[in-house]
Amino acid sequence: MSKGELGIVEKGKNDLQTEADRSAQQCIVSSLSLQFPSIKIIGEEDQSSNSCPTPPEWLVTESDPNVLGLQCPKDLENVKEEEVIVWVDPLDGTSEYTQGLLDHVTVLIGVAVGEKAVGGVIHQPYYEYQNFAKPELSPGRTIWGISGIGTGGFDPKVAEEGKRIITTTRSHSNALVQAALDAIQPDDVLRVGGAGHKVMLLMEGKAHAYVFASAGCKKWDTCAPEAILSAAGGHLTDMLGRPYQYHASVQHLNASGVLATARKEDHAWYASRVPDSVREKLSS
Ligand SMILES: Nc1ncnc2c1ncn2[C@@H]1O[C@H](COP(=O)(O)O)[C@@H](OP(=O)(O)O)[C@H]1O
Ligand SMILES: [Mg+2]
Ligand SMILES: [Mg+2]
Ligand SMILES: [Mg+2]
């Protein structure tokens, strides 16, 4: 961004990649592989054509002492390194990034054991960037969540009761997405970029539900958000209320959409509102 040249590549219809997506993935994957050589890492971007070695100054070698000081939950105590799958979305909200909507951008690192998302990080590199002379001077902020422990890095808030504020896609909408929104009869709809950003809106009390009744999101979009949201008392599934799996051989596409609520107890109501016509299209 500071070079003034984003290095945009069109991967498909309405699907962009920038130099920031490529560099962030290389930084994250190289750093994690160095510290944890036996974990399986699956990232959004294809790195096979990249022959450039990772610059040493990109390698993150330290850990967060506060998180390391926490008590590991009993059911995760005996997990072996080779059982861990890490889903990396180096830049979530690329479409908005290319349009200068920098506060929609997040970096998502999700940790799965077996088929379950158990932990994750949502980093907001441009958090409150308007308060700084240049966007890249913003220190950003890092939110984490671990199943059985809770969350950190932000102040969780609960949205106003008795209202239905829904967040959904800004750049990947279609008739199915709209039909599901209409059926909910929302008080307000927040159309923003990124799965990470939308789940942040839930945990900050700005929206009650994230509704995306379409294929399009992938496992790297939902693994970290699901783990953190769940540790915060929320719930993320497909549009029919079925959980997604995160093992290494699962299909990458979330073919049945995304339905997430800030409070787990509200989830069944939203799932029950999905019209049959939408349900049929997404049930495969
Ligand atoms: N129809 C589609 N085609 C490609 N990607 C899609 C898509 N619908 C959603 N996605 C992906 O899902 C993520 C969230 O989408 P949205 O902002 O529209 O809610 C984005 O991740 P990336 O920005 O990491 O690629 C986006 O690319
Ligand atoms: Mg994404
Ligand atoms: Mg991405
Ligand atoms: Mg992308």
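This is a predicted model: local features need pLDDT of at least 70, side-chain atom pairs count only at pLDDT 80 or more; totals for chains, interfaces and linings use all residues.

The dialogue below takes up a sheet and then the division into domains.

Q: How do strands of a sheet pair, and in what order do the five strands of the open sheet lie here?

A: In general, the strands of a sheet are joined through backbone hydrogen bonds, in either a parallel or an antiparallel way. In this model the five strands of the open sheet follow the order 10-9-11-13-12, with mixed pairing. Strand 10 (188-191) and strand 12 (235-237) are the edge strands, each pairing on one side only, and from one strand to the next the twist averages 20 degrees.

Q: Which residue in strand 10 is the bridge partner of Ile-166?

A: The partner is Val-189; strand 9 (residues 165-168) and strand 10 pair in the parallel sense, over four bridges.

Q: Which helix packs on the sheet?

A: Helix 6 (residues 219-231) does, touching strand 12 and strand 13 (258-261), and its direction makes about 150 degrees with that of strand 12.

Q: Into which domains is the protein chain divided, and how many residues does each give to the contact?

A: The chain is divided into domain 1 (9-152) and domain 2 (165-282), whose centres, taken over C-alpha atoms, are separated by 21 Å. Domain 1 gives 39 residues to the contact and domain 2 gives 27 residues.

Q: Which element supplies the largest share of the side of domain 1 that touches domain 2?

A: Strand 6 does, with seven residues, and the residues of that side of domain 1 divide into 18 nonpolar, 14 polar and seven charged.

Note on methods
Residues are numbered from 1 along each chain as its sequence is written. Chains are lettered from A and ligands numbered from 1 in the order in which they are written. Two strands pair if DSSP finds at least two bridges between them. Helices (H or I, at least four residues) and strands (E, at least two) are DSSP runs, numbered from the N terminus. Axes are lines fitted to C-alpha atoms, for helices over the stretch in contact, and angles run from 0 to 180 degrees between N-to-C directions. Two residues are in contact if their C-beta atoms, placed from the backbone, lie within 7 Å. Domain bounds come from an automatic or database domain assignment. Ala, Val, Leu, Ile, Met, Phe, Trp, Tyr, Cys and Pro count as nonpolar, Asp, Glu, Lys and Arg as charged, and the others, Gly among them, as polar.
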